[in-house]
Amino acid sequence: MKNKVPNPCIDVCKYKREGHCIGCAMTKAQKSLFKTLKKDKHRQAFVAMLYRQQEAMGKYKAWRAAYKRKCEKKGVSLPFQPL
């Protein structure tokens, strides 16, 4: 069985920056939404959207490395192209 794309949350969970987590940039609503995604292609699209959201916001550079390690640990390739 293929491993699923892991949750983008990196277990920081502190909400500042206009309701966005300082670790992963997700809002509480986005975190809840990700948990409902069952198809891997939807999970990949969500993480790619989050990556683009972070690029636009420009304050979440540490997330990329932390999420990359999380994916490697689970044996899953990144669902976005790193810069």
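The questions below go from the whole chain to single residues.

Trainee: How far does the predictor trust this chain, as a mean pLDDT?
Mentor: This is a predicted model. A pLDDT of 70 or more is reached by 95% of the residues. The mean for the chain is 89.

Trainee: Which element has the highest confidence?
Mentor: Compare the two ends of the range. Strand 1, residues 15–16, is lowest, with a mean of 89. The highest mean is 95, and it belongs to helix 1, residues 28–36.

Trainee: In what order do the helices and strands run?
Mentor: Count them before you order them. The chain has 3 helices and 2 strands. Starting from the N terminus, the order is β-β-α-α-α.

Trainee: What is the radius of gyration, and how does it sit with a compact globule?
Mentor: Start from the length. For 83 residues, a compact globule would come out near 12 Å. The chain agrees with that, because its radius of gyration is 12 Å.

Trainee: What box do the C-alpha atoms fill?
Mentor: The box is taken along the principal axes. Its sides are roughly 40 × 25 × 20 Å.

Trainee: What share of the residues is buried?
Mentor: Buried means under 20% relative accessible area. Apply that to the 83 residues of the chain. The buried share is 39%.

Trainee: Which residues of helix 3 are buried, and which helix is among their cover?
Mentor: Helix 3 spans residues 61–74. Its buried residues are Trp63, Arg64, Ala66, Tyr67 and Cys71. The cover over them includes helix 2 (40–57).

Trainee: What is the phi of Gly75?
Mentor: Look just after helix 3. Gly75 sits there with a positive phi. The value is about 75°.

Trainee: Which residues does Tyr15 touch beyond its sequence neighbours?
Mentor: Tyr15 lies in strand 1. It counts as partly exposed, because its relative accessibility is 31%. Lys28 is 13 residues away in sequence, yet the C-alpha distance from Tyr15 is 8.4 Å. Leaving out residues up to four places away, Tyr15 touches His20, Cys21, Met26, Thr27, Lys28 and Lys31.

Trainee: Is Ala25 buried or exposed, and what is its phi?
Mentor: Ala25 is placed in the loop between strand 2 (20–21) and helix 1. It is buried, because its relative accessible area is 0%. Ala25 is another residue other than glycine with a positive phi, near 80°.

Trainee: Which residues is Gly23 in contact with, apart from its neighbours in sequence?
Mentor: Gly23 is in the loop between strand 2 and helix 1. Its relative accessible area is 7%, so it counts as buried. Pro8 is 15 residues from Gly23 in sequence, and their C-alpha atoms are 9.6 Å apart. Beyond four places in sequence, the contacts of Gly23 are Ile10, Val12, Tyr60 and Trp63.

Trainee: How far in space is Lys35 from Asn7?
Mentor: Lys35 is in helix 1. It counts as exposed, because its relative accessibility is 59%. Lys35 and Asn7 are 28 residues apart in sequence. From C-alpha to C-alpha, the distance is 7.8 Å.

Key. Residues numbered from 1 in each chain as written. Predicted model: local features only at pLDDT ≥ 70, side-chain atom pairs only at ≥ 80, totals over all residues. Heavy atoms only, no water. pLDDT = per-residue confidence, 0-100. Helix = DSSP H or I, 4+ residues; strand = E, 2+ residues; numbered from the N terminus. Rg over C-alpha atoms; globule rule 2.2 N^0.38 Å. Buried < 20%, exposed > 50% of the residue type's maximum accessible area, 1.4 Å probe, protein only. Contact = heavy atoms within 4.5 Å.
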